[in-house]
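Here are my notes for you to read alongside the structure.

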Amino acid sequence: MSWLIVGTVPDDDFPLVYGQVRVEKGLLRIGPHNINIARGTPALAATTCLAASELKIDAPYALLAGDAGRGGGSRKLYSHMVEIMGDLKMTGFTFHYLQPDVDWHNKILWAIQDKLNSPCLVADAGFMYVAKMSGFAADYDLFTPDIGEMSFLADETAPHPFYTRGFLLEDESKVEEYIARAYSEKNAARHLMVKGVKDYVVRDDIILSTISEPGVDAMEAIGGTGDSLTGIITAYLMAGYEIPRACHMGAVANRYLGLLANPTPAFSVGQLLPHLGESMEKSRELWVPDGNSS
Amino acid sequence: MRFLKSIFTKGSKKTRGVSERGIIVFHHTSEVIKAESLLKQAGLDVLVKGPPPEIQSGCDMVIEFPIINQLQVVDILKKHGIDPVQLVSVQDHLLEPVSLYNVKDFGEFLMVRAANMKITVDKKSLEIVNVSGGGCPDVPFLAELMVGQKLFEAPEPAGNGQTLCGYSLHLAYEEMKRRCHG
C-alpha cells in the first residue's frame, strides 16, 4: 500500500521535498538529501522504511519541510499538500512533527475527505495535538499518545499538553479513566495506542489489549523511541494488518528493540534499529488472536 | 467565557474544538502598539483586541496570538524590554501551565519531565544524554543543540525554542539544573 509520512526536518534551510525514502549508511535519504535519523520525523520515516523492508513491501513516501519551530516550513508544507492532494494516490497517511495550526489542519483534513477515498489517517506528535485542538479528532483512525499526551487528550479545555489541568496528572494508574474521558469529549481517534509502562491498544473506548512485557526502563529517556513505535506501526499498516494488530505487534516489537539492544538512557534510537528485524519477528511470533494482553 | 468565545471566533471558519489562541495583557497601551509591530515583523499572526471583562489588570487592549508560539513571543518581547502583565489561553484564561515535575532516577542517570518534555543527564559528568517527548518542530532542533552538552553550559531552550514544547523543555531543564546544584 502506498503510504505518505508527513513531517519536518529540524533545519529551517531544508527545502520542501516529496519522494520515496530509503535508508543508507545510517542516514535517511530522500531525493538528493541525506538526513540524520536521531529523532523526530526522520527517525519515524527511517524506522518505517527499515520495517517495510523486513516485511518485503515497498518503502513509504515522505513529504518533508525544514522547520526548527517557527512554523514557516510547516505552513509551506500544508499549503503544498492541499494543492497536490488530488494527485496523492495514498492508502494512508502518518502525520508527525508539524507546527500545530488549526486553520491549516482543517484545510488538510477537508482536502483529504473531499479528494481521496477514505485513506487511513494516523496522527502523532504536533499533528495529533492540532487534530485534537480542531475538534476533529474522531475523524482520525489512530493517535499514538504517551501518558502526558493522553492526559492532554482527556482535558477538553487544553490547547497543548503544557496547559493540561492539574487534576489530570500524568498518573499511569488513571490511564483507563483518561481514555474514557477523551472518548466522551470526542477528543480521541477511533483507535488509540497509549504508550507507557503498560501500553494500551484501544478502539472506540474499548481496551482491546495491553502490553507490558518486556519492560526496559531506559527506553522512556531515549529520544525517538515513540517515533520508532509509530514507524513500526505504520509499516504494519502498510502491509495490510488491521489497526489493533498493527499497534499490538508494533508495541511488542518496540519493546524488544529495547530488550535486545540493552540500552542505557544515553542511547540514541539509531543504536536500537539494528535489532529491528529480530524484534519484529518476535512480535509476529508472539501474536495470538484474542489473547494478547501481557 | 461567552464573551471570550465570541470575540475570538469572529471571522473564523472553525466551528468546534478548543482555541489555539492566547492573549497577552500589558501594563500600558504604548507597549501593545510596540509589541504588535514587533510580533507582526516576526511573521506572527497577531491581532489587537479589547480585553475580556474577567481580566481586571493591565491596560485596555490585549494582543491575541497563536498560543503555540508563546516562547517565541516571550523572547521577542523580552529582547525589546517589554514585560507583559500576563499571557493566558483564550480557551479559559484561568488555565495554568503544568507546574509539577516528574523525576526518574536511573542510577547513573537522572530524568526530569515537565508536561510532555523529558531531559536526561549523566549524574557524574552532568552531560545531557537525551531529550525526548514533545511534538512541535523545535523539539528535534533543541535536542540536536543540547544533547552531548554539559548541563550548565548548554544552550538554553528558552533562548532557542519557539513553542510550548520548547517552553516545557526549558522548565524541565531549569528543574534539572536546580536538582544538580545539590
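1. Let's begin with two helices of chain A that sit oblique to each other, α5(A) and α6(A): their axes cross at roughly 40°, therefore the pair counts as oblique. (Angles under 35 degrees count as roughly parallel, over 145 as roughly antiparallel, 65 to 115 as roughly perpendicular and the rest as oblique.) Helix α5 covers residues 147-154 of chain A and helix α6 residues 175-184 of chain A, and their axes come within 8 Å. Axes here are lines fitted to C-alpha atoms, for helices over the stretch in contact, with angles from 0 to 180 degrees between N-to-C directions. Helices (H or I, at least four residues) and strands (E, at least two) are DSSP runs, numbered from the N terminus.

2. A word on what you're looking at: this is a predicted model, where local features need pLDDT of at least 70, side-chain atom pairs count only at pLDDT 80 or more, and totals for chains, interfaces and linings use all residues. Residues are numbered from 1 along each chain as its sequence is written, while chains are lettered from A and ligands numbered from 1 in the order in which they are written.

3. Back to that helix pair: α5(A) passes α6(A) in a left-handed crossing (the near helix is turned anticlockwise from the far one by less than a right angle; clockwise would be right-handed). On the α5(A) side the contact uses A:Ile147, A:Met150, A:Ser151, A:Leu153 and A:Ala154, and on the α6(A) side A:Val175, A:Tyr178, A:Arg181 and A:Ala182. Contact means C-beta atoms, placed from the backbone, within 7 Å. By class, the residues of this contact are seven nonpolar, one polar and one charged. (Ala, Val, Leu, Ile, Met, Phe, Trp, Tyr, Cys and Pro count as nonpolar, Asp, Glu, Lys and Arg as charged, and the others, Gly among them, as polar.)

4. Now chain B. You'll find six helices and eight strands there, in the order α-β-α-β-β-α-β-β-β-β-β-α-α-α from the N terminus. Of its 182 residues, 48% are buried (20 or more other C-beta atoms within 10 Å of a residue's own; 12 or fewer is exposed, in between is partly exposed, and C-beta atoms are placed from the backbone).

5. Chain B splits into domain 1 (2-89) and domain 2 (101-180), with bounds from an automatic or database domain assignment. Where the two touch, domain 1 of chain B gives seven residues and domain 2 of chain B gives nine.

6. How do the chains meet? In all, 46 residues of chain B are in contact with 43 residues of chain A. The largest share of chain B's side, six residues, comes from α4(B). That side of chain B has 21 nonpolar, 17 polar and eight charged residues.

7. Finally, some backbone spots in chain A to look at. Most residues other than glycine have a negative phi, and most peptide bonds are trans. A:Lys56, in the loop between α1 (40-54) and β5 (61-66) of chain A, has a positive phi near 60°, and it counts as exposed with 7 C-beta neighbours inside 10 Å. A:Asp204 has a positive phi too, near 45°, and is exposed, with 12 other C-beta atoms within 10 Å. The peptide bond from A:Glu213 to A:Pro214 is cis, omega being near -10°, and A:Pro214 lies in the loop between β11 (206-211) and α7 (225-238) of chain A.
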